[in-house]
Every structure is written in C-alpha cells, then in structure tokens.
Amino acid sequence: MFRFVDNEPALILQTEAEKILLISDLHIGYEKSLASKGVKIPSQTPKLYRKIEKIISKHNPDKIILSGDIKHGTAKLLPHEWKDVPEFFEKLLTLKDKIEVVPGNHDGGLKHLLPRNVTLHTTRGVTIQNKEKILITHGHTWPIPTALDSHLIIMGHNHFTVEFKEESGLRKTEPVWMIAQWEPAKIAAAYLHWKKIKYQSDAPSKFREQFNTDIGDPKIVVAPAFNPMLGGTKINRASKNKYISPILESGGVKVDSAEVYLLDQTFIGKTSNIQLSELD
Ligand SMILES: [Mn+2]
C-alpha cells in the first residue's frame, strides 16, 4: 500500500485508483529565517523543487500530496513568501497538475499563496477511502473522530532524526522514518479527554456512542522533513518534549516499540533500543 522512496524523505502511496507522492515539511523560506541571525544562504527553493522533479520523473505519480509546513513563516505571511510560494507551486503544476495540500502549523495564510487549481484541505487532515481508509495529516492537530478508524495514518511535523556518535567524538544526525502502532482504548480516552467529554463506561464504548465510529488499529507512519536543512527531534535522545503531536503525546501510541528506518530503508531498531545514554 505504501513504500518509501529510496534515499529520499518521500513516500509513494498506491491506492486502487492512483499512485500518490507524499511529501511533508518543505518549510520553503527556512533559509530566510537564518538570514535574520546573520547566516546568509541562497534560496533553497530551487533545490527542493529539483529534488521533487527527480522523484516525479522516476516514479511518475498521478498526484502529489504535501502534508504540511509548506512554508516556514508561521501565522503571518512574510514578504518573500508572496513570491516564493506561488512560484514554487506554478512550477510544480507544470510537472503534475494534481496537487493537494494538507496545511501544517507553519501554513497560516497559505490559501492566499496557492494557485487556484491546488486543492487545500483543512488542518484536520484528509482521508482517502481506499479498500482500507488512509488518513494524511500534518500531525499538529487531532484528526476528526471519524478518521480514527483508518488503517494507515501518515503524518509529518516531528522531523525525526537519529543521532550517531562516532569514535572520534563527531556527531551527525540523519533523518528517519518512524512506524508505530497505538492502543485504541488509550487513544479513545485521550480523545474524549481532549473534547472534555466525561464518561462512566469504558472509553472505546463512549467514543463509539459519541462519534458513531470505532477507533481502528492503524499503522502510523511519521515522515521525516523533506527540507534537509531543517533541524529535527532526535528520536534517540531522551527529552521531555520529544513528541510534539497530540496523537504522539497522547500516551496512546506505543512509541517505545516504534520502528525507526533510515532513508535508505535500513531498519535501525525500536526507539527504546537505540537511545543514547546521557553521557554519550
Ligand atoms: Mn515542520
């Protein structure tokens, strides 16, 4: 149903109807935020575009879905974004005319920058009704309740990386994919708690009664950031704020037993087994 694009932070989703290229966290204009700190780097947008172009020519998807944080500025549109973002999409449309966007937490005002033929979904994500339901979301919000019976959830937002420490003391980080499962009853409880819904019965029954949906047992795929310049959350470093998504923070996702993969698809272990000690 899905496969990672070899050596790229991108994923191909094959549904019955179409082949979808999925990319998360472009953060167009990130380098501009460095300029304000005195680091001058030329626009990286052409590079991001060429990387996508390469993937499209190799895999020829029917559609592209960008799952959030298209741009780096958050709520307010920045002057350069009025030019950079529309130009990027106009170019991308020459490669593929079906483009959909699921906004992330950095995408305030994005609708003003998108060409008319780009589909903009809501921040709650979009579901694809395949043989099995798929939810694509940025990850900074809870999805709508009826999306929680999906079989596959794909999100971004966390920019997970893994830190390697070499003998010499050099450290380097690599972007990683995370694949996790959740405990439906705990997700039901967390969702009800978020909605401030009180209940006497068990959480899954209350969830069903309230929303007329069951909570599924999905595979949860957390995509790395497509923009290679971005920092990330080191998945193998203990930190209170390691997980920044309501779903991942809910306590319902089995993050300890989540599987971690490098972009070349090497399985490097489960998160709990790859933690660096505090002294490392
Ligand atoms: Mn992001």
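Analyst: Leu135 stands opposite Ile153 in strand β9. The place belongs to a parallel pairing in which 3 bridges join β8 (residues 133–136) to β9 (residues 152–155). Residue numbers start from 1 along each chain, in the order in which its sequence is written. The model is predicted, so local features need pLDDT of at least 70 and side-chain atom pairs count only at pLDDT 80 or more, while totals for chains, interfaces and linings use all residues. Strands here are DSSP runs of E with at least two residues, helices are runs of H or I with at least four, and both are numbered from the N terminus. Two strands pair if DSSP finds at least two bridges between them.

Strand β9 also pairs with β12 (residues 219–222), in the parallel sense and over 4 bridges. In that pairing, Leu152 stands opposite Lys219 of β12. Strands of a sheet pair through backbone hydrogen bonds, either parallel or antiparallel.

Neighbours within four places in sequence aside, Ile154 is in contact with Leu11, Leu22, Ser67, Ile136, Val221 and Ala223; contact means that the C-beta atoms, placed from the backbone, lie within 7 Å. Ile154 is also listed with Leu22, Ile23, Met178 and Val222 as having the most contacts inside the largest nonpolar core, which has 63 residues. Such a core is a set of buried Ala, Val, Leu, Ile, Met, Phe, Trp, Tyr and Cys residues joined through C-beta atoms within 7 Å. A residue is buried if 20 or more other C-beta atoms lie within 10 Å of its own, exposed if 12 or fewer, and partly exposed in between, with C-beta atoms placed from the backbone. Helix α4 (residues 184–194) gives the largest share of this core, 5 residues.

Leu11 lies in β2, opposite Phe4, and β2 (residues 10–14) pairs with β1 in the antiparallel sense over 3 bridges.

For the chain as a whole, there are 6 helices and 15 strands. Of its 280 residues, 37% count as buried. Among contacts between residues at least 6 apart in sequence, 68% join residues at least 24 apart. The C-alpha atoms fill a box of roughly 55 × 50 × 35 Å along the principal axes.

Key. Contact = placed C-beta atoms within 7 Å.
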